[in-house]
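Below are my entries on what I looked up, one topic at a time.

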Amino acid sequence: MEKITEQDLERQVNVLNSYFGIEDSDAVGRFQVEYAYGDCRLVRIVNQGGGERNISKRGTKREIYQKLYAINNVMYEKLKDDLKA
């Protein structure tokens with residue numbers, strides 16, 4: 001099994017942010033991975049002061065990667081279906 005790195009997580013977060021048209025790393029509404037105590041979690045920035053809302057519980061890099069991958073696949077399928085309509 002391949003090791004999940006912070007780069008892998010950041011790549012998935014960038015994909016997720018792109019679905020919302022967010023490219024600025026300081027934008028309110030952006031998603032990011034927060035790291036602490038050897039674990040990480042997915043959060044969304046909700047104000048200019050850096051306030052955040054937890055999107056996932058804390059977990060290993062692999063667990064958060066799997067959540068991000070699933071979210072991105074759902075977003076892709078939804079957008080694909082919307083383009084067909």
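**Entry 1: the core.** I began with the largest nonpolar core, which has 10 residues: Ile4, Leu9, Val13, Leu16, Phe31, Val33, Cys40, Leu42, Ile64 and Leu68. Buried stands for under 20% relative accessible area, exposed for over 50%, and partly exposed for what lies in between, with a 1.4 Å probe and protein chains only. Two or more residues of this core come from each of α1 (6-19), β1 (31-36), β2 (39-45) and α2 (61-84). I saw that α1 gives the largest share, three residues.

**Entry 2: what I am looking at.** This is a predicted model, where local features need pLDDT of at least 70 and side-chain atom pairs count only at pLDDT 80 or more, while totals for chains, interfaces and linings use all residues. Residues are numbered from 1 along each chain as its sequence is written, and side-chain values use heavy atoms, with hydrogens and water left out.

**Entry 3: the whole chain.** I found two helices and three strands in the chain. Along the sequence they follow the pattern α-β-β-β-α. Both kinds of element are DSSP runs numbered from the N terminus: helices are H or I with at least four residues, strands are E with at least two. The C-alpha trace spans about 45 × 40 × 20 Å along its principal axes. Of the 85 residues, 28% count as buried.

Entry 4: Which residues does Leu9 touch, leaving aside its neighbours within four places in sequence? I listed Ile4, Val33, Tyr35, Cys40, Lys61, Ile64, Tyr65 and Leu68. Contact here means heavy atoms within 4.5 Å.

**Entry 5: the two helices.** I looked up how α1 and α2 pack: the angle is about 25°, and their axes are 10 Å apart. That makes α1 roughly parallel to α2, because angles under 35 degrees count as roughly parallel, over 145 as roughly antiparallel, 65 to 115 as roughly perpendicular and the rest as oblique. The axes are lines fitted to C-alpha atoms, for helices over the stretch in contact, and angles run from 0 to 180 degrees between N-to-C directions. On the α1 side, the contact includes Leu9, Val13 and Leu16. On the α2 side, Ile64, Leu68 and Met75 are among the residues involved. The contact residues divide into 13 nonpolar, two polar and three charged. For that sorting, Ala, Val, Leu, Ile, Met, Phe, Trp, Tyr, Cys and Pro count as nonpolar, Asp, Glu, Lys and Arg as charged, and the others, Gly among them, as polar.

Entry 6: Glu6 sits in helix α1 and is partly exposed, with a relative accessible area of 41%. Beyond its neighbours within four places in sequence, Glu6 is in contact with Tyr35 and Lys61. I then turned to Tyr37, in the loop between β1 and β2. Is Tyr37 buried or exposed? At 82% relative accessibility, Tyr37 counts as exposed. Its phi is near 55°, a positive value in a residue other than glycine.

**Entry 7: Asn17.** Asn17 also has its place in helix α1, and its 7% relative accessibility makes it buried. Apart from its neighbours within four places in sequence, Asn17 is in contact with Ile22, Arg30 and Phe31.

**Entry 8: Arg53.** My last stop was Arg53 in strand β3 (residues 52-54). With 47% relative accessibility, Arg53 counts as partly exposed.

Methods: Core = buried A, V, L, I, M, F, W, Y, C linked by side-chain atoms within 4.5 Å.
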